[in-house]
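Here's a quick briefing to read alongside the model.

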Amino acid sequence: MSRPVPNPGILDIAPYTPGKTPVPEPGRKVFKLSANETPFGPSPKAIEAYKHAAAHLEDYPEGTSKVLREAIARVFGLDPNRIICGAGSDEILNLLAHTYLSHGDEAISTAHGFLVYPIATMGNGARNVVAAETNFTADVDAILKAVTPRTKIVWLANPNNPTGTYIPFDEVKRLRAGLPSNVLLVLDAAYSDYVSRNDYEIGIELVATTENTVMTHTFSKIHGLAALRIGWMFGPAHIVDAVNRIRGPFNVSTPAMLAAVAAIEDSTHVEMSKAHTETWRNWITEEIRKLGLKVTPSVANFVLMHFPTEKGKTAAEADAFLTRRGLVLRALNNYQLPNSLRMTIGTEEANRLVVEGLRDFMGTT
Ligand SMILES: *Cc1c(COP(=O)(O)O)cnc(C)c1O
């Protein structure tokens, strides 16, 4: 008997395996440092706005996220007509893939790139082409070499998750200049708020001056609204028009929209979070290196640490050891990084406990 058959590519996607629920020793407080969430939560003003929205849950949201697009436009100096909001940037990435990819096409992502890219690519029947990285960093020449006449999208998280590395704006521009003009370059700026480097740019100038580049961003990280699912994209008018045609008419809920407006307007909360992250990222990087472990230099709100392969010192054993102490880091086997762990910068207490835990792990095993 015949039965429904998924479209080509769908069954090639590895099923998503959710992170294990950690079971620490009794009496241990649990610190979740595995999903790059902020330890501060959202701005209190965002929580207030969210509560206000509870009074009108019977009404459909305004379908174009107008108030949010206008707030984003004010903060970043953009034309609100060239912004699309989505249920997380995940939705935006999938809408882009759905708009520009079909069976037989190719999309390029990097060796340790964000896992949503291959899912969005393969979910639309296209082939996921992997470009090698150099020192856990996107390599523009490797990406350009991977281009074929079938290439339609290049996905680039800058900074990248889970590596924490970035490429300077000059390199992003060199990538754009080297790509055929029909190839869409997607710059994912989820962690841009944490970067303070003179040679880094979020990509607004490139989007504004080309017809084939978009920038995506999220409220899930520094704004602390991951639970509400809000992301956005800035793009050329013709791309905004195309994507809007398949976007669900009410894809962002009113409470999410209003909380995000309050969050993006609270620059004090953002600055505090950024300063904390920078201080503790530097401290953690240095302390972990003192223990003899390699740490990839990060500009984001997490660090990638690398473990030896000898028994007793492996990443998997360190993960288990820390989990028993209630310290939940992220194992990265599905990112082809079995010897590494990713740690989100947490509160001072959490950060100190991880370093203490790693010291004990390295010393006692
Ligand atoms: C966390 C993250 C996002 C944000 O995804 P949302 O769907 O907006 O929560 C986007 N890109 C990268 C690389 C991320 O790590």
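A contact here means heavy atoms within 4.5 Å of each other. This is a predicted model, where local features need pLDDT of at least 70 and side-chain atom pairs count only at pLDDT 80 or more, while totals for chains, interfaces and linings use all residues. Residues are numbered from 1 along each chain as its sequence is written, and side-chain values use heavy atoms, with hydrogens and water left out.

**Ala208**

- Not counting residues up to four places away in sequence, Ala208 touches Arg82 and Phe234.
- You'll find Ala208 in helix α7; helices (H or I, at least four residues) and strands (E, at least two) are DSSP runs, numbered from the N terminus.
- Ala208 counts as partly exposed because its relative accessibility is 45%, and the cut-offs are under 20% for buried, over 50% for exposed and partly exposed in between, with a 1.4 Å probe and protein chains only.
- Ala208 and Ala331 sit 123 residues apart in sequence, and their C-alpha atoms are 38 Å apart in space.

**The nonpolar cores**

- A nonpolar core is a set of buried Ala, Val, Leu, Ile, Met, Phe, Trp, Tyr and Cys residues joined through side-chain atoms within 4.5 Å.
- The largest one has 32 residues, and those touching the most other members are Leu68, Ile72, Ile83, Phe219, Leu225, Ile230 and Trp232.
- Two or more residues each come from α1 (44–53), α2 (66–76), β2 (83–86), α7 (204–209), β10 (231–234) and α9 (254–265), with α9 giving the most at 8 residues.
- Leaving aside neighbours within four places in sequence, Phe219 has contacts that include Leu68, Ile72, Trp232, Ala260 and Ile264.
- Apart from this core lies another, of 27 residues, with Leu101, Phe114, Val186 and Met233 among them.

**Around the ligand**

- The residues surrounding the ligand (a heavy atom within 4 Å) include Gly88, Ser89, Asp90, Phe114, Asn161, Tyr191 and Arg229.
- Helix α3 (residues 88–100) gives the most to this shell, with 3 residues.
- By class, the shell has 3 nonpolar, 5 polar and 4 charged residues; Ala, Val, Leu, Ile, Met, Phe, Trp, Tyr, Cys and Pro count as nonpolar, Asp, Glu, Lys and Arg as charged, and the others, Gly among them, as polar.
- A polar side-chain atom of Asp188 lies 2.6 Å from a nitrogen atom of the ligand.
- On the oxygen side, a ligand oxygen is 2.6 Å from a side-chain N or O atom of Thr218, and a ligand oxygen is 2.6 Å from a side-chain N or O atom of Ser220.
- On its own the ligand has 390 Å² of accessible area, and the protein covers 93% of that (Shrake-Rupley method, 1.4 Å probe).

Conventions:
A polar contact is a pair of N or O atoms within 3.5 Å; within protein, one must be able to donate a hydrogen and the other to accept it, and residues adjacent in sequence count only if both atoms are side-chain atoms.
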